[in-house]
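Hello,

Here is the structure I promised to send over. Please have a look at it first, then read my notes below.

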Amino acid sequence: MKFSEVWLREWVNPELNRDDLLQQLTMAGLEVDGVEPVAEPFTGVVVGAIEACAAHPDADKLSVCTVFDGNDRVQVVCGAPNARPGLVTAFATVGAVLPEGFKIKKAKLRGVESFGMLCSAQELGLGDAHAGIMELPQDWQPGADLAVAMALEDVTVDVDLTPNRGDCLSLRGIAREVGVLNNLPVAYPVVTPVAAESEATFPVSLHAPQGCPRYLGRVIEGIDLKRPTPYWMQERLRRCGLRSIDPVVDVTNYVLIELGQPMHAFDLQQLNEGIVVRQAHAGEQLTLLDGQQVDLDADTLLITDANGPVAIAGVMGGERSGVQADTTDVFLECAFFAPLSVAGTARRYGLHTDASHRYERGVDFELQAMAMERATELLLEIVGGQPGPVVESVAAEHLPKLESVRLRQARLAELLGVDIAAEQVDEAFARLDFNVVDRTATEQGVEWQILPPSHRFDIALEADLVEEVCRIYGYNNIPSKQPLTHLELRSVPLEKSGDAALKGHLAADGFQEVITYSFIDPKLQDLLDPAVEPVALANPMSSEQSVMRTNMLPGLVDALLGNRARQQDSARLFELGLTFVPVDGGLLQEQTVGGLLWGRRAAEAWHADAETVDFFDAKGVVDGLLAWAGLAGVSYERVEDHVLHPGQSANIVLNGNRIGRVGRLHPEIENRLGIDGVYVFELAAAAVQQKPRRVFRGVSRYPSVRRDFAIVVDRAVTAAQVEATVTQAVGEILVDFRLFDVYQGKGIDSNEKSLAIGLTLQSQAATLTEEEINQYTDAAVSALQGAVQARLR
């Protein structure tokens, strides 16, 4: 919200300098985001009056003007098409310095001397208008300093409001706040009803009263749009960040800034039969004022006539019914649209307008009549015309209901940490124009029942009233105190690792944590989990964030693509978060840890090869994570996964239950992503955060012995099967099983493979004899022969 300080001080003028006033607004919750001067600095520019204007003798597009500067009459050569006798304009005298240091000197243009320069708004840094020289009010005194006459010692203040303070999206709202904070009266403009001068009306029907419970319309006939918008209005709009367009649009924008009520004007001749406020029908289209054609969805609230849509309610009008240069009759619209009916509409169509910004946050539902009268008054003053009566359609049962809110003095003191006298609270409510419905004294202090005014639609809870009292009392008046509380130690499960410990392990393993949105692009979701239909958001921030993730891969892959686009040659990323999987009409929300490896195995160095990560790097990370968790009975099983590479992927199984997966992304997915060699893993956090009770086991005092041998098995036999068989056959004497070579080739049948394994044996009770060692190895070989039809090589 942008406003002019000078305009604000016309309404309420506290005895504060600029810096103190802006600081006061910020401390009251209306954060000042920026301050800009309304004009660039210049000197030597005065108000000038053109007394005569003749054609240049040697140039068709130049004219020779006689300008009175309050003291002398000087000759000025000017190229502006609007230069004419009687025009009061900006005159830069010889020696004047314009913005960017441009100095005015005596000059000769096509043989004619010129003593100064008549200026456009753009040349003085007062806007973008450059088609002609400035046209100032006729009653301005020639010779007056232009900066003083225009009150350019002014700034445009940009206030960044929180979404609940829609009541301050107007000069009226800002002035009301300043008046409350300084206990000063506010000089609101007096708005008097404008009597109807004709019987012309245009009917209005509400077919969607939940979205639009109040709609006011008024016909004004015989306006003259050849009349310009007065300078004072153009300048106020400019200082509030809006450019002048035409008198009708300027008036609606002026009322928007002044009162906070969005309005719209239709060309009455382009409307047919009557206004109907309704929801859009399937297949309807509308060409907006900006020329954009949109396909309307059923959630869009429309303003329509007998020929179809004429505006998106609360967002933007349509081109067909817009006011044109030859318009003579207008239909003024002033409505209250429920915030939920407008929220998200502008975003869905890629729009953001001043109207939608206000309606989404809430507009005073009792403001429409005042705004209609104010707009009518200004229009008649500027472009003339005959107003008809105001037509109002209202569904009172759908208007917001004002409800009282309780405030307890004891609760106020508890939240603020300071005792505020009941009389000060009474004064704060009076200054805020809050109606005290009931005031009761109890043993714990006073209790108030408060009915907020219609413009404070954000007041719904006791905490809201506490905030209001605190703002008026002053945040700076609340003393800083050391917090005092009684802390109780919460129980910590001994058999579960916390999130921080899990993240710390992965970080120590060289991974970096990423935190991504739980709502993702449906295209990426379909690519990385095509078998599951995700939950769609009812009101997404954007189409790229419209569904809930069903696994951790989309966020990790998106982070990888972002890193690669920034010239990174490797990535080790992990994320701990929730996944959302629809199950039997419900939603399974499971904490999951996901990881991703890509690129170089080690940083570039003279002593390291430029090798890239592979499946065993990813599996090694998972093994390390499972070992950190102290989990036993974990195995890997082949898996057919549409997302993972068919030959480089596996399910992770704990005691017969699948707890995750690991592998390389499917080649087709890598091809679509435009990246190669991406390895991922996912594990149920509940599984890896288990912390089985540790049991002490002494270190054997007796030597260990290792026996190596090679066996030939069918190619379908896995190393896990061999390890499980040997472990079961040898028992606790086996302290380490190691597969150290796999051979396929010459001397081995094409359907078989050779596995070289090493068994480390050690007893806790005595040194193993050669006979005992042979018994254990023979038992292992015998078991392998029976279980997987192995033979010694």
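Predicted model: local features only at pLDDT ≥ 70, side-chain atom pairs only at ≥ 80, totals over all residues.

Let me start with one turn. In the hairpin formed by strand 4 and strand 5, four residues lie between the strands, and Gly-70 among the residues there has a positive phi near 100 degrees. Strand 4 covers residues 63-68 and strand 5 covers residues 73-78. The two run antiparallel and are joined by six bridges.

Now the overall picture. The protein has 21 helices and 39 strands. Its radius of gyration is 39 Å, whereas a compact globule of 793 residues would come out near 28 Å. Along the principal axes, the C-alpha atoms fill a box of roughly 125 × 85 × 60 Å. Of the 793 residues, 48% count as buried. Take the contacts with a separation of 6 or more: residues 24 or more positions apart account for 69% of them.

Next, a buried arginine. Arg-239 belongs to helix 5, which spans residues 231-239. Why does Arg-239 count as buried? Its relative accessible area is 6%, and the cut-off for buried is under 20%. The Arg-239 side chain reaches the backbone oxygen of Ala-151 at 3.2 Å. Beyond its neighbours within four places in sequence, Arg-239 is in contact with Phe-3, Ser-4, Val-38, Met-150, Ala-151, Leu-152, Asp-154 and Thr-156.

Strand 24 is worth a look too. In a regular strand, side chains alternate between the two faces of the sheet. Strand 24 (residues 405-408) has Val-405 and Leu-407 on a covered face. Arg-406 and Arg-408 make up its uncovered face. Strand 24 pairs with strand 26 (residues 445-451) in the antiparallel sense, over four bridges. Within strand 26, Trp-448 is the bridge partner of Leu-407.

Then there is helix 17, residues 615-629. At the start of helix 17, a side-chain oxygen of Asp-614 comes to within 3.0 Å of the backbone nitrogen of Phe-616. The buried residues in helix 17 are Phe-615, Asp-617, Ala-618, Val-621, Val-622, Leu-625, Leu-626 and Ala-629. Just after the helix, Gly-630 takes a positive phi of about 75 degrees.

Four strands form an open sheet in the order 37-38-36-39, with antiparallel pairing. Strand 37 (734-743) and strand 39 (791-792) stand at the edges with a single partner strand each, so one side of each has no neighbour in the sheet. Strand 39 pairs with strand 36 (residues 705-714) in the antiparallel sense over two bridges. There, Ile-711 stands opposite Leu-792 of strand 39.

Best wishes

Definitions and conventions:
Residues numbered from 1 in each chain as written. Heavy atoms only, no water. Pairing = 2+ DSSP bridges. Expected span 1.5 Å × (residues − 1). Buried < 20%, exposed > 50% of the residue type's maximum accessible area, 1.4 Å probe, protein only. Polar contact = N/O pair within 3.5 Å; in protein donor to acceptor, adjacent residues only side chain to side chain. Contact = heavy atoms within 4.5 Å. Rg over C-alpha atoms; globule rule 2.2 N^0.38 Å.
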